[in-house]
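Reader: Before I use any of the labels attached to this model, I would like to know what each one rests on. Please take them in turn.

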Amino acid sequence: RALVKEIDRLRLVHDASHLRDRSFDELLDLTDQRIMASHSTCRAIVDPSGRNQRHLTDEQLRAIVQRGGVIGLNLFSRFLRPAGKEGRATIDETIAHVEHVCAIAGARLHVGLGSDADGGFSATALPEGIDRPRDFAKLTDALSSRGWSDEEVAGFAWKNWAKFWGN
C-alpha cells in the first residue's frame, strides 16, 4: 500500500502484469491513476478456471482500458495456449489474445506488443516462427491479414505505447 502511494507521488505508472486478483483489486481501490500491463495474456483464453491468476480477467482488462492503459502481449507460449497444451503457440493462438483485448476494449487502441522475450526463456518458448525480434513482423502480418489497417497495425507495434507514454 505504501508502494502504491509512492508510485503515485512520483507520477510513475502501475504495471499489473504480475498481480494476483486480490492485489489487482486493491490497486484499483488505492489509486485512481493509470494502470498498464506490460506483458500479459487473457485468462478467458488460457485458464478460464482462474487457477493461474497470472493472466488477466475480462474485468481486469476493462479496468485497465477505462484508465487509459495498454495491455502488452506476452509471447511466452505457455501463457498463450490453453492450460495443459504443450509446445509452441501458433501465430493464430497468439493473435487470439490481441483480438480478445480489442473485443473487450471496443477498440484497437489499448493493445501492444509486450513480448517478455528479454532473456527469461529461450526462443523455443516463443510462438512458432518467432525466434528473434525481427520475427515480430509475423504478428503484424497476421493482423494485416485479418483486416487491420496500417495505422492499427502500427498501433499494436508501437504507437499505442507511444501515445500511452506520451500522456
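**Labels and their grounds**

Author: The model is predicted. I start with strands β3 and β4, which run parallel and are joined by four bridges.

Reader: What makes β3 and β4 a pair?

Author: Two strands pair if DSSP finds at least two bridges between them. Four bridges join β3 to β4, so β3 and β4 count as a pair. In β4, S115 is the bridge partner of N74.

Reader: How do you know that β1 and β2 pair?

Author: Two bridges join β1 to β2 (residues 35-40), and at least two are needed, so β1 and β2 pair as well. They run parallel. The bridge partner of H14 is I35, in β2.

Reader: What is the order of the strands in the sheet, and which are called edge strands?

Author: The sheet is open, with four strands in the order β1-β2-β3-β4 and parallel pairing. β1 (14-15) and β4 are the edge strands, as each pairs on one side only.

Reader: Why is β4 called largely enclosed?

Author: Buried means under 20% relative accessible area. Four of the five residues of β4 are buried, so β4 is largely enclosed by the rest of the structure.

Reader: What makes α5 largely enclosed?

Author: In α5, 11 of the 15 residues are buried, so the helix is largely enclosed by the rest of the structure. Among the buried residues are I91, H97, V98 and V101. The buried residues of α5 pack against α3 (43-46), α4 (58-66), β3, β4 (111-115), α6 (137-145) and α7 (150-166).

Reader: How does the reach of α5 compare with the expected span?

Author: The expected span is 1.5 Å times one less than the number of residues. For the 15 residues of α5 the expected value is 21 Å, and α5 reaches 21 Å from its first C-alpha to its last. Just after α5, G106 takes a positive phi of about 75°.

Reader: Why is the space in the structure called a cavity, and which residues line the largest cavity?

Author: A cavity is a set of points where a 1.4 Å probe fits but cannot get out. The structure holds one cavity of 30 Å³ or more, and the space in the largest cavity is about 30 Å³. The lining consists of S40, T41, C42, I71, G72, L73, H97, V98, V101 and V111. β3 (71-74) and α5 (91-105) each supply at least two residues of this lining.

Reader: How many residues of the lining are nonpolar, polar or charged?

Author: Six are nonpolar, four are polar and none is charged.

Conventions
Residues are numbered from 1 along each chain as its sequence is written. This is a predicted model: local features need pLDDT of at least 70, side-chain atom pairs count only at pLDDT 80 or more; totals for chains, interfaces and linings use all residues. Side-chain values use heavy atoms; hydrogens and water are left out. On a 1 Å grid over the protein atoms alone, a cavity is a set of points where a 1.4 Å probe fits but cannot get out, and a pocket is an open set with protein on both sides within 12 Å along at least five of seven lines; lining residues have an atom within 4 Å of a point. Grid points are joined across faces, edges and corners, and a volume is the space filled by probe spheres set on the points. Ala, Val, Leu, Ile, Met, Phe, Trp, Tyr, Cys and Pro count as nonpolar, Asp, Glu, Lys and Arg as charged, and the others, Gly among them, as polar. Buried means under 20% relative accessible area, exposed over 50%, partly exposed in between (1.4 Å probe, protein chains only). Contact means heavy atoms within 4.5 Å.
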